[in-house]
Amino acid sequence: KMEFQDFQVMGGDSAFGMMEAMGMDNVMSMEGDQMAGMFSAMEGHHIQDMGAERSFEAFQSMGVESAMAMGGESLAAMMDTMGADMMGSLGGDQLFEVAGAMSGENFMAMDPESAFGMFDTMGSDMVLGMEGDQLAGMFAAMDGEQMASTMDPTFMVEAAGLMSFEDLKGMDGDSAFGMFEAMGSDTTMASLDGDQLAGMFAAMEGDQLASLGGEGLVDAFENMGADNAAAMGGENLAEMFGAMGGEALGQLDPTALEDAAKAMDGDNMLQMGSEAALGMFETLGAENAATTFTGDQLGGIFGALDPTDIGTTISPEVLLESTEKMTIDHFANVGGEQAGAMFETLGSDQVLELGGEQVAGMFSAMHGEQLSDLGGATVAEAIIAMGTENAVDMGAGNIAEVVEVLGIADMATVGGDVLVDLAGAMTGEALAGMSSDAVGAMVDTMGADAALAGMGGEQLGGMLGA
């Protein structure tokens with residue numbers, strides 16, 4: 001009495017249990033739409049539990065028209081369970097109808113061998129009748145090396161021509177690289193539009209990009225164009241530029257590089273690595289880079305640079321202009337060694353004349369080693385220069401590292417009222433992690449009454465724990 005839609009209200013376990021209770025012979029005697037309803041209610045692992053033979057028999061019994069109503073997810077599970085050999089028995093025409101009901105995501109869920117078996121059964125001419133999203137999903141499910149070694153280049157060019165930027169970008173790196181290898185570099189560059197090239201390279205991972213070499217990546221960037229490169233997204237551009245390296249980046253047109261780099265944020269810049277970050281700065285011209293990039297981007301670039309390049313390749317004048325654009329948040333990507341190099345390059349006088357946010361940002365990026373090298377007197381001057389509000393914004397852990405460096409005389413320079421505010425911004429854990437000498441000096445400078453009045457229980461507990 002049940003119809004297709006009646007089975008849809010059942011859970012996967014219930015539908016599978018119903019099949020097991022009835023026995024396969026009785027299930028096979030049901031109407032095609034009833035069988036389709038039962039199998040579409042099951043989850044993929046239930047269909048896999050049936051095994052290849054029973055899945056094949058069920059498909060044949062319900063008929064392709066009823067099977068199509070199961071939906072792409074169930075069809076993908078059924079084809080995957082059958083495997084390449086049994087799909088071959090269905091024939092290309094039936095499989096093409098099945099493929100038409102599947103999305104790219106459905107194909108991606110298939111095993112590589114099953115996806116390749118489906119392709120092989122349909123044949124290249126029939127496969128070219130599929131949509132770009134479906135082609136991308138089928139290729140994404142395949143093994144990249146198998147694609148590179150078995151796919152006909154002419155076919156692959158035709159298939160790629162049917163795929164959009166989004167289709168290609170949605171593939172995994174292994175499959176996108178296999179597609180590129182199957183076509184060959186020259187054919188790929190000559191045959192694909194800029195947006196398609198960008199999609200293919202956006203799908204690749206860093207190791208695949210690196211295997212193409214700097215020259216190959218420069219060729220790809222120039223062929224896709226800056227606008228399409230920017231559409232790859234900052235993370236993918238960082239992988240591409242990082243794989244290029246500084247020397248290859250120097251071959252790019254500075255204007256095109258600048259346009260593409262607008263899609264990158266500070267985290268992306270940091271991801272590039274030191275060689276690429278320096279290459280980008282040099283290609284754009286240091287003065288132009290300082291003007292063009294946002295504070296967030298500059299923070300990422302300085303964080304990526306080798307500290308020895310700060311003050312040598314990056315001049316004090318350019319560094320000063322860059323630092324003036326950065327806030328505390330922008331220094332989050334700057335490492336301790338880089339922040340120390342920035343201070344050393346600019347010198348104490350220039351650093352302390354920066355805005356409070358910039359001073360706080362630079363000192364928040366430093367670690368204990370760099371702060372100790374500067375000495376308590378310099379750190380105390382910095383706290384005064386940044387102002388209490390900015391000092392508090394450094395965060396509990398950074399405040400603890402900064403205050404730890406101060407001696408008793410330095411704390412007196414900072415002042416008890418400021419120390420109370422700083423202690424109040426610290427967590428109990430941060431205070432407990434400080435040395436007993438530093439905490440004792442804080443209390444002496446603040447005064448016991450002021451400490452008790454200005455700090456909460458958590459902070460007092462942390463101090464006692466130190």
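# Briefing: contacts, charges and burial in a predicted helical model

Isoleucine 314 sits in the loop that runs between helix H28 (295–304) and helix H29 (316–323). Helices here are DSSP runs of H or I with at least four residues, and strands are E runs of at least two, numbered from the N terminus. The model is predicted, so local features need pLDDT of at least 70 and side-chain atom pairs count only at pLDDT 80 or more, while totals for chains, interfaces and linings use all residues. Residues are numbered from 1 along each chain as its sequence is written, and side-chain values use heavy atoms, with hydrogens and water left out.

**Burial and spacing**

- Isoleucine 314 is buried, at a relative accessible area of 1%; buried means under 20%, exposed over 50%, and partly exposed in between (1.4 Å probe, protein chains only).
- Between the C-alpha atoms of isoleucine 314 and leucine 212 there are 30 Å, with 102 residues separating the two along the chain.
- Phenylalanine 39 belongs to helix H4 (residues 32–41) and is buried, with 0% relative accessibility.
- From phenylalanine 39 to isoleucine 310 the C-alpha to C-alpha separation is 64 Å, and in sequence they are 271 residues apart.
- Valine 418, in helix H37 (residues 416–424), is buried at a relative accessible area of 18%.
- The C-alpha atom of valine 418 lies 9.0 Å from that of glycine 387, and the two residues are 31 residues apart along the chain.
- Alanine 190 is part of helix H18 (residues 185–191) and is exposed, with a relative accessible area of 67%.

**Aromatic pairs**

- Rings of Phe, Tyr and Trp (its six-membered ring) pair if their centres lie within 6.5 Å; planes under 30 degrees apart count as stacked, over 60 as edge-to-face and the rest as tilted.
- The count by this rule is 8 aromatic pairs.
- One of them joins phenylalanine 119 to phenylalanine 155 in a tilted arrangement, 5.3 Å centre to centre with 55° between the planes.
- This pair links distant parts of the chain, as phenylalanine 119 is in helix H11 (residues 112–122) and phenylalanine 155 in helix H15 (residues 153–161), 36 residues apart.
- Phenylalanine 119 is buried at 8% relative accessibility, and phenylalanine 155 is buried at 5%.
- Phenylalanine 343 and phenylalanine 363 form an edge-to-face pair, because their planes stand at 90°, with ring centres 5.8 Å apart.
- That pair also links distant parts of the chain: phenylalanine 343 comes from helix H30 (residues 336–352) and phenylalanine 363 from helix H31 (residues 356–365), 20 residues apart.
- Both phenylalanine 343 and phenylalanine 363 are buried.
- A cluster linked by ring pairs is made up of Phe116, Phe119, Phe139 and Phe155.

**Salt bridges**

- Side chains of opposite charge can pair when their charged atoms come close.
- The structure has 2 salt bridges, each defined as a side-chain nitrogen of Lys or Arg within 4 Å of a carboxyl oxygen of Asp or Glu.
- Glutamate 20 and arginine 54 form a salt bridge through their side chains, at 3.5 Å from N to O.
- Glutamate 20 is partly exposed at 44% relative accessibility, and arginine 54 is partly exposed with a relative accessible area of 26%.
- A salt bridge also joins the side chains of aspartate 259 and lysine 262, at 3.6 Å from N to O.
- Aspartate 259 is partly exposed at 32% relative accessibility, whereas lysine 262 is exposed at 57%.

**Surface charge**

- A patch of negative charge on the surface gathers Asp111, Glu113, Asp143, Glu145, Asp172, Asp174, Glu205, Asp207 and Glu235.
- Patch residues have over 30% relative accessible area and no salt bridge, with like charges joined within 9 Å and nonpolar side chains (Val, Leu, Ile, Met, Phe, Trp, Tyr) within 5 Å.
- Asp and Glu count as negative and Lys and Arg as positive, while His and the chain ends are not counted.
- Aspartate 174 is in helix H17 (residues 173–183) and is partly exposed, with a relative accessible area of 31%.

Definitions and conventions:
Areas by Shrake-Rupley, 256 points an atom, 1.4 Å probe, with all protein chains shown as cover. Charge placed at Lys NZ, Arg CZ, Asp CG, Glu CD.
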